[in-house]
Amino acid sequence: MERDPLAPDDARLAYASEGEAYRILRSNLTVALSDLERPTVIVTSADAGEGKTATSVNLARSLALAGKRIVLVDLVLRHPDVHHWYGIDNSVGVTDVLLDRRPLEECLQQVDVGLGPSQTQRSIYILPTGLAVPNPAELLGAGRTHQLLVALAREADMVIIDTPPVLLAAETLVIGRTVAGALLVVEARRTPIPAVQRAKDALIRNQTRLLGVVINKWRPQAGGGDYDYGYGSAYGYGPGVGPAQSNGR
Ligand SMILES: Nc1ncnc2c1ncn2[C@@H]1O[C@H](COP(=O)(O)OP(=O)(O)OP(=O)(O)O)[C@@H](O)[C@H]1O
Ligand SMILES: [Mg+2]
């Protein structure tokens with residue numbers, strides 16, 4: 001696959017240059033959400049380290065390059081990471097808004113993500129977590145989070161929310177109840193199938209619409225366990241997109 005000349009240099013974003021997989025994810029998600037005007041979407045997984053932040057960041061970028069107004073929110077209050085991907089400050093953010101310490105507009109940061117097809121500079125707004133709080137689940141569980149997401153949705157075509165692993169933190173299900181749906185990231189060949197099943201069941205029991213499954217860090221295998229570097233992406237990495245599933249909502 002050709003490298004995308006518009007991708008940022010940052011090594012952590014290097015596989016964003018394998019942009020085709022994210023473009024496919026972007027169009028599948030857009031179709032899955034076509035019935036909604038300003039959807040809010042959580043990105044989650046069963047376990048830690050499967051690629052939730054990578055997927056959130058790259059999906060947000062891909063949507064912004066296609067001309068969408070995107071807000072990317074980090075709700076992983078225990079281990080915030082989105083700000084690292086763009087090297088931005090995390091001293092103010094979600095916790096300040098929820099605790100009424102600062103107005104929302106003072107906490108949003110605009111970040112350039114590259115040139116769109118018409119050579120216009122595109123950007124996204126990021127709402128980082130802000131400083132740590134002792135009780136993240138309680139803070140996110142209070143009704144203010146929903147109000148915050150509604151306020152953000154007013155300003156955006158889509159709000160993408162990085163969240164903790166669904167099986168490890170109670171807050172993801174609390175947030176999941178109030179959004180349009182969830183993308184479930186699954187790390188290829190690592191996450192045990194029963195864990196994926198449990199995460200999916202938890203979301204559906206929670207009445208969170210499951211929009212799709214992103215198979216991340218997927219390396220197509222050739223014979224003998226070797227990797228086929230010619231297929232999928234230049235490095236054999238990149239998310240594949242599973243069929244969108246829904247609980248009928
Ligand atoms: N498609 C990919 N190709 C290559 N490396 C990837 C890919 N997705 C994620 N990674 C790498 O895997 C590691 C974990 O990814 P990431 O931080 O996005 O996971 P996470 O699910 O957000 O983790 P956590 O549960 O700790 O928040 C990171 O080092 C990231 O750069
Ligand atoms: Mg993360």
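## Starting from Val-41

In this predicted model, begin by selecting Val-41, which, once its neighbours within four places in sequence are left aside, is in contact with Met-158, Ile-160, Ile-161, Val-179, Ala-180, Gly-181, Leu-183 and Leu-211. Then widen the selection to the largest nonpolar core, a set of 61 residues in which Val-41, Ile-70, Leu-72, Ile-160 and Ile-161 are those with the most contacts inside it. Helix H2, residues 52-65, supplies the largest share of this core, namely seven residues. As a general background to this stop, nonpolar side chains in soluble globular proteins tend to be buried together.

Next, select strand E6, residues 181-187, together with E7, and follow the six bridges over which the two strands pair in the parallel sense. Leu-183, already met as a contact of Val-41, has Gly-212 as its bridge partner in E7. Strand E7 itself, residues 210-216, has seven of its seven residues buried, so the strand is largely enclosed by the rest of the structure.

Finally, move to helix H1, residues 19-32, whose 14 residues reach 20 Å from the first C-alpha to the last, close to the 20 Å expected at 1.5 Å a residue. Colour its buried residues, which are Gly-19, Ala-21, Tyr-22, Leu-25, Arg-26, Leu-29 and Ala-32. Viewed down the axis of H1, these buried residues fall within an arc of 155°, and they therefore line one face of the helix.

How values were computed
Residues numbered from 1 in each chain as written. Chains lettered and ligands numbered in written order. Predicted model: local features only at pLDDT ≥ 70, side-chain atom pairs only at ≥ 80, totals over all residues. Core = buried A, V, L, I, M, F, W, Y, C linked by C-beta atoms within 7 Å. Buried ≥ 20, exposed ≤ 12 C-beta atoms within 10 Å, placed from the backbone. Helix = DSSP H or I, 4+ residues; strand = E, 2+ residues; numbered from the N terminus. Contact = placed C-beta atoms within 7 Å. Pairing = 2+ DSSP bridges. Expected span 1.5 Å × (residues − 1). Arc of directions from axis to C-beta.
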